[in-house]
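Subject: Structure handover

Hello,

Please find the structure below, followed by notes on what was found in it.

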Amino acid sequence: MREMLTPTSLLDGMGLDKDVALVTDGRFSGGTKGAAIGHVAPEAASRGPIAAVKNGDIISINIPGSKLEMKVSDTEIKKRLSKLPEFRSKIKTGYLRRYIDNVGSASAGAVFPK
């Protein structure tokens, strides 16, 4: 999960932190400002619905109701996901490769072993 301080800092620096929400399968540190929803799972690499989001899509955020909803039909989401190529990590060696191969989704606690 990538750390999202850079994108949220950019939104803040552009004066958009009050108008734009960042929705991601990434993670946040304590320095994030503005509306930021992270750890969305299943992740895009696992073909979660977040992988189907396109520019211009409406995403409804209901914080008191703990609900995040993409205003795109289930049929359209399935169509978009079916057109995506299989995710292939660029990381081929080392500890991060071991993590990729052995740790499960964040939605299941990102625990070892898979």
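Glu76 is partly exposed, its relative accessible area being 23%. Here buried means under 20% relative accessible area, exposed means over 50%, and partly exposed lies in between (1.4 Å probe, protein chains only). Before the rest, the basis: this is a predicted model, in which local features need pLDDT of at least 70 and side-chain atom pairs count only at pLDDT 80 or more, while totals for chains, interfaces and linings use all residues. Residues are numbered from 1 along each chain as its sequence is written, and side-chain values use heavy atoms, with hydrogens and water left out.

Glu76 takes part in a salt bridge with Lys79, with 3.8 Å between the closest N and O atoms. A salt bridge is counted when a side-chain nitrogen of Lys or Arg is within 4 Å of a carboxyl oxygen of Asp or Glu. Both Lys79 and Glu76 belong to helix α2 (residues 74–82), where they are three residues apart, about one turn of the helix. Helices (H or I, at least four residues) and strands (E, at least two) are DSSP runs, numbered from the N terminus.

Glu76 also meets Arg80 in a salt bridge, at 3.0 Å from N to O. Arg80 and Glu76 are four residues apart in helix α2, so about one helical turn separates them. Lys79 is partly exposed at 42% relative accessible area, whereas Arg80 counts as buried at 13%.

Another salt bridge joins Arg88 and Glu86, whose closest N and O atoms are 3.9 Å apart. Arg88 is exposed, with a relative accessible area of 62%, and Glu86 is exposed as well, at 56%. The structure holds eight salt bridges.

**Overall layout**

The protein has three helices and four strands, which run α-β-β-β-β-α-α from the N terminus on. Its C-alpha atoms fill a box of roughly 40 × 35 × 25 Å along the principal axes. Of its 114 residues, 19% count as buried.

**Backbone in the loops**

Which peptide bond is cis? The one from Ala41 to Pro42, with omega near 5 degrees. Pro42 sits in the loop between β2 (36–37) and β3 (59–62). His39 is found in the loop between β2 and β3, and its phi is near 60 degrees, a positive value in a residue other than glycine. His39 counts as partly exposed, at 45% relative accessibility.

Ser66, in the loop between β3 and β4, is not a glycine either, yet has a positive phi of about 50 degrees. At 68% relative accessibility, Ser66 counts as exposed.

**Second largest pocket**

The second largest pocket has a volume of about 220 Å³. On a 1 Å grid over the protein atoms alone, a pocket is an open set of points where a 1.4 Å probe fits, with protein on both sides within 12 Å along at least five of seven lines; lining residues have an atom within 4 Å of a point. Points are joined across faces, edges and corners, and the volume is the space filled by probe spheres set on them.

The lining is made up of Val23, Val40, Ala41, Pro42, Pro49, Ile50, Val53, Ile59, Leu68, Glu69, Met70 and Ile77. It divides into eleven nonpolar residues, no polar ones and one charged. In this division Ala, Val, Leu, Ile, Met, Phe, Trp, Tyr, Cys and Pro count as nonpolar, Asp, Glu, Lys and Arg as charged, and the others, Gly among them, as polar. Strand β4 (residues 67–70) gives the most to the lining, with three residues.

**Nonpolar surface patch**

Val53, Ile59, Ile61, Ile63 and Leu68 form a nonpolar patch on the surface, with about 400 Å² of accessible area together. Patches are made of residues with over 30% relative accessible area and no salt bridge; nonpolar side chains (Val, Leu, Ile, Met, Phe, Trp, Tyr) are joined within 5 Å, and like charges within 9 Å. Accessible areas come from the Shrake-Rupley method with a 1.4 Å probe, and for residues only the protein chains shown count as cover. Leu68 lies in strand β4 and is partly exposed, with a relative accessible area of 36%.

Regards
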